[in-house]
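Take a look at the model below. This short report walks through its sheet, its rings and its charged pairs.

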Amino acid sequence: DVTHRLLCADGRIKWVREHCTSDFDASGKPLRSVGAVQDITERKLAEEALRENQRFLSTLIANLPGMVYRCRNDRNWTLTYISEGCFSLTGYHSSDFSDNQIHYGRLIHPDDQDMVWNEVQTALRAKKPFMLTHRIRTAAGEEKWVWEQGRGVFTSDGELLFLEGFVTDITERKRAEEELQEMNLA
């Protein structure tokens, strides 16, 4: 059972799978072989396209200034996927979340937790995206302001599967806004 490329008479190259079985006599001498050759060019091209799409998405996600996530709709926001950008944002490695050592819900500032939950639930009921600004606490105990955008992913029957979204640090922008506000009040 082998897979290889085949040069056709017209110069095209095709991918084929050859499968062969043989019958042997009592002494082990081959009597006959039966086999088939199957053109798997389309499958190979589809596999290559899939690998390229995965590479593209992986590169794109790695270059975003924040983290991409997939999570459950629970108060812990239990993560089933989190990009490597989580480290620069939270101070935690993605493996800390995937091993459930850390729950994203615990990072959300206590004063913002109910607001985040309520706004997400309202968006999910309407089957619309959500956009939030809230605070998190990093591994080092630092408070950061973040902007988050996400949406629910639903089955064709309308059942919620999970949430997917993006979170980025807007702390510097929030500080600049606060300084402007203070200057305007003075």
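## Charges over rings

A charge sits over a ring if NZ of Lys or CZ of Arg is within 6 Å of the ring centre and within 35 degrees of the ring normal. Lys174 lies over the face of Trp145, at 4.4 Å from the ring centre.

## About the model

This is a predicted model, in which local features need pLDDT of at least 70, side-chain atom pairs count only at pLDDT 80 or more, and totals for chains, interfaces and linings use all residues. Residues are numbered from 1 along each chain as its sequence is written, and side-chain values use heavy atoms, with hydrogens and water left out.

## The sheet

Helices (H or I, at least four residues) and strands (E, at least two) are DSSP runs, numbered from the N terminus. Two strands pair if DSSP finds at least two bridges between them. Strands of a sheet pair through backbone hydrogen bonds, either parallel or antiparallel. Which sense is found here? Five strands form an open sheet with antiparallel pairing, in the order 5-4-8-7-6. Strand 5 and strand 6 (130–137) are the edge strands, and each pairs on one side only. Neighbouring strands of this sheet are turned by 30° against each other on average, direction ignored. Axes for such angles are lines fitted to C-alpha atoms, for helices over the stretch in contact, and angles run from 0 to 180 degrees between N-to-C directions.

A helix joins the picture. Helix 6 (residues 171–185) packs on the sheet and touches strand 6, strand 7 (143–154) and strand 8. Contact here means heavy atoms within 4.5 Å. The direction of helix 6 makes about 125° with that of strand 7.

## Strand by strand

Strand 4 and strand 8 (residues 160–169) pair in the antiparallel sense over five bridges. Met67 has Val167 in strand 8 as its bridge partner.

How many bridges join strand 7 and strand 8? Nine bridges link strand 7 and strand 8, again antiparallel. Across this pairing, Val146 stands opposite Asp169 in strand 8. Strand 7 and strand 8 also form a hairpin, with five residues between them. In that turn, Gly158 has a positive phi of about 90°.

Strand 6 and strand 7 run antiparallel, joined by eight bridges. Arg137 stands opposite Glu143 in strand 7. This pair of strands forms a hairpin with five residues between them, and Gly141 in the turn has a positive phi of about 85°. Arg106 and Arg137 are 31 residues apart in sequence and 8.4 Å apart in space, C-alpha to C-alpha. Arg106 is exposed, because its relative accessible area is 58%. The cut-offs are these: buried is under 20% relative accessible area, exposed over 50%, partly exposed in between (1.4 Å probe, protein chains only).

## Aromatic pairs

Rings of Phe, Tyr and Trp (its six-membered ring) pair if their centres lie within 6.5 Å; planes under 30 degrees apart count as stacked, over 60 as edge-to-face and the rest as tilted. The structure holds two aromatic pairs. In one, Trp77 and Trp117 are tilted, at 5.3 Å centre to centre with 50° between the planes. This pair links distant parts of the chain, 40 residues apart. Trp77 is in the loop between strand 4 (67–71) and strand 5 (79–82), and Trp117 is in helix 5 (residues 113–125). Are these two residues buried or exposed? Trp77 and Trp117 are buried.

Tyr92 and Phe97 form an edge-to-face pair, 5.9 Å centre to centre, with 80° between the planes. Both of these residues, Tyr92 and Phe97, are buried.

## Salt bridges

Side chains of opposite charge can pair when their charged atoms come close. A salt bridge is a side-chain nitrogen of Lys or Arg within 4 Å of a carboxyl oxygen of Asp or Glu. The count by this rule is 14 salt bridges. One of them joins Asp23 and Arg32, at 3.2 Å from N to O. Asp23 counts as partly exposed because its relative accessibility is 36%.

Helix 1 (residues 41–62) holds both Arg43 and Glu47, four residues apart, about one turn of the helix. Their side chains meet in a salt bridge of 3.2 Å, N to O. Arg43 is partly exposed at 41% relative accessibility, and Glu47 is partly exposed at 29%. Glu48 and Arg51 form a salt bridge too, at 2.9 Å from N to O. They are separated by about one helical turn because they are three residues apart in helix 1. Glu48 is partly exposed at 43%, and so is Arg51 at 45%.
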